[in-house]
Amino acid sequence: MEKIYFETLKETLYHEKMDNGLEVYLLPKPGFEKTYGLFSTRFGAIDTRFVPIGQEQMIKVEDGIAHFLEHKMFDMNGSDASDEFAKLGASTNAFTSSSRTAYLFSTTANEYPCIELLLDFVQKLEITPESVEKEKGIIGQEIKMYDDDPDWRVYFGSIQNLYNNHPVAVDIAGTVETVNNTTKDMLEICYNTFYHPSNMMIFIVGNIEADKAMTVIKENQAKKNFAPAKPIVCQKNIEPCNIKIKENVLTMDVEMNKIIVSIKVNEILNDPKLKIRRELAINLLFDLLFSKSAKLYNDWLNEGIINDSFSANFTQERDYAFIQIGCDCDDYETLKEHILTLIQNFQNIEISKNDFERIKKKNIGLFINLFNGPESIANLFSRYYFEGIIALDLIDEIAKITLDDIYDMFKYFDSEYTSVCIVKKK
């Protein structure tokens with residue numbers, strides 16, 4: 001078992017790769033009452049074109065199938081994994097993003113049985129044609145609920161405005177039609193391809209002993225038989241640089257208008273270090289411009305252009321990246337013009353060295369605080385792991401960011417690749 005010590009955080013991470021390819025990471029937190037486990041696979045909503053394991057031809061499965069499979073994984077021989085965790089005094093959940101699916105538990109007791117249960121229910125798919133049919137109605141209702149959610153519509157609409165071909169522009173849950181077209185065979189093909197241990201990672205943090213937890217996992221995996229690992233071949237997403245729609249306005253029954261200005265980032269970085277540096281630098285830049293102490297933020301706030309719902313975010317995953325800026329507002333036209341003008345004149349922004357150092361120290365402190373909660377630690381770890389980054393390195397990476405790195409981010413604020421999505425009151 002490998003021990004990795006992180007000097008800045010004074011934390012020791014334990015790692016071992018199982019014979020079947022499963023990557024195991026353990027972070028004991030003495031004094032913590034809660035233990036949190038997260039079992040992730042590199043299979044998300046964008047993975048709909050791939051070569052199934054054991055086949056040679058590329059296939060296209062239905063949109064939303066990763067999310068559908070997430071729902072069905074909880075079936076356990078006539079029982080439900082949630083009920084089994086409840087018997088152990090634990091809670092469980094799962095989520096699907098564009099690039100990964102994760103299953104989790106949270107508990108203050110029976111940590112090691114919970115680890116075994118997490119492994120067992122995710123490593124065995126138990127579905128019938130009848131149970132698949134029944135699930136379609138449940139997921140269909142979930143899709144309709146999101147369709148009626150103005151916050152989701154403006155958020156996801158802003159992404160759809162940017163992309164012409166990339167599957168990130170397709171709702172994670174798919175559509176009612178694609179859900180209804182999903183079959184048991186399709187789900188099994190996806191499971192057999194993407195849920196091999198070699199494509200997965202388990203992370204446990206909290207009230208555990210590393211040696212004991214690793215022994216539990218090793219013995220559990222030794223009882224199971226998996227085919228030898230094979231490379232997974234997914235179709236490369238070809239996306240043109242131009243944005244799809246310049247502006248889209250939706251009318252819904254809302255109390256206040258909603259607007260998001262989004263920017264497509266066409267430079268896709270493959271080096272994990274460069275990728276994380278860009279993400280951290282852009283987030284620092286947003287803090288410099290839009291934190292509660294920033295002049296620009298306070299000017300807009302005092303003029304009544306924005307309110308405390310205002311936010312600016314940067315998202316980057318496997319092969320896409322975008323920026324989103326916006327909030328709820330009465331006068332969306334005025335806010336739109338202010339944001340678009342800011343983007344157009346971004347090269348004129350000046351940042352003081354003192355402000356930069358202050359914001360950097362603040363962000364280092366925020367990241368340190370994140371490592372005081374097992375949920376935030378696990379989610380951070382899973383989020384960055386499949387990008388080739390160990391989350392415990394983030395604080396040291398922030399410390400390396402320079403003011404020149406911040407100025408280098410200005411190039412991504414380009415009016416040519418900017419779009420606007422608005423949800424306005426009826």
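Predicted model: local features only at pLDDT ≥ 70, side-chain atom pairs only at ≥ 80, totals over all residues.
**Stop 1**

Zoom in on strand S5, residues 49-51. S5 and S6 are antiparallel and share two bridges. Pick Phe50: opposite stands Ile59 in S6.

**Stop 1**

**Stop 2: the S9-S10 hairpin**

S9 and S10 form a hairpin, with four residues between them. They pair in the antiparallel sense over six bridges. Pick Thr92; its bridge partner in S10 is Phe105. Then colour S9 by face. Thr92, Ala94 and Thr96 make the covered face. Ser91, Asn93 and Phe95 make the uncovered one.

Move on past S10 to Asn110, in the loop between S10 and helix H3 (111-122). Check its backbone: phi is positive, about 55 degrees, although Asn110 is not a glycine. Asn110 has a relative accessible area of 38%, so it is partly exposed.

**Stop 3: strand S3 and its two partners**

Start at Lys10, in the loop between strand S1 (2-6) and strand S2 (11-17). Lys10 is not a glycine, yet its phi is positive at about 55 degrees. Is Lys10 buried or exposed? It counts as exposed, because its relative accessibility is 52% and the cut-off for exposed is over 50%.

Next select strand S3, residues 23-28. Six of its six residues are buried, so S3 is largely enclosed by the rest of the structure. Glu23, Tyr25 and Leu27 point one way; Val24, Leu26 and Pro28 point the other. Both sets are buried.

S2 pairs with S3 in the antiparallel sense over four bridges. Their hairpin has five residues between the strands, and there Gly21 takes a positive phi near 100 degrees. S3 also pairs with strand S11 (residues 200-206), in the parallel sense, over six bridges. Val24 is the bridge partner of Glu16, and Ile202 in S11 is the bridge partner of Val24.

**Stop 4: the cores**

Select Phe203 and Ile406. They have the most contacts inside the largest nonpolar core, which has 74 residues. Helix H9 (residues 272-290) gives the largest share of this core, 10 residues. Another core lies apart from it, with 51 residues, among them Met73, Phe121, Val179 and Cys190.

Return to Ile406 and display its contacts. Beyond residues up to four places away in sequence, Ile406 touches Ala281, Leu284, Leu285, Leu288, Ile351, Phe356 and Ile401.

**Stop 5: H9 against H12**

Show H9 with helix H12, residues 353-370. The two pack at about 115 degrees, with axes 10 Å apart. The crossing is right-handed. From H9, select Leu280, Leu284, Asp287 and Leu288. In H12 they meet Asp355, Phe356, Ile359, Lys360, Lys362, Asn363 and Phe367. By class, this contact has six nonpolar, one polar and four charged residues.

**Stop 6: Tyr297**

Finish in helix H10 (residues 295-302), at Tyr297. Tyr297 counts as buried because its relative accessibility is 3%, and buried means under 20%. Its contacts, leaving aside neighbours within four places in sequence, are Leu289, Phe290, Ser291, Lys292, Ile306, Asn307, Asp308 and Phe310. For scale, draw a distance to Ala81. The C-alpha atoms of Tyr297 and Ala81 are 46 Å apart, and the residues are 216 apart in sequence.

Conventions: Residues numbered from 1 in each chain as written. Heavy atoms only, no water. Buried < 20%, exposed > 50% of the residue type's maximum accessible area, 1.4 Å probe, protein only. Pairing = 2+ DSSP bridges. Core = buried A, V, L, I, M, F, W, Y, C linked by side-chain atoms within 4.5 Å. Contact = heavy atoms within 4.5 Å. Axes fitted to C-alpha atoms, helices over the stretch in contact; angles between N-to-C directions. Left-handed = near helix turned anticlockwise from the far one by under 90°. Nonpolar A, V, L, I, M, F, W, Y, C, P; charged D, E, K, R; others polar.
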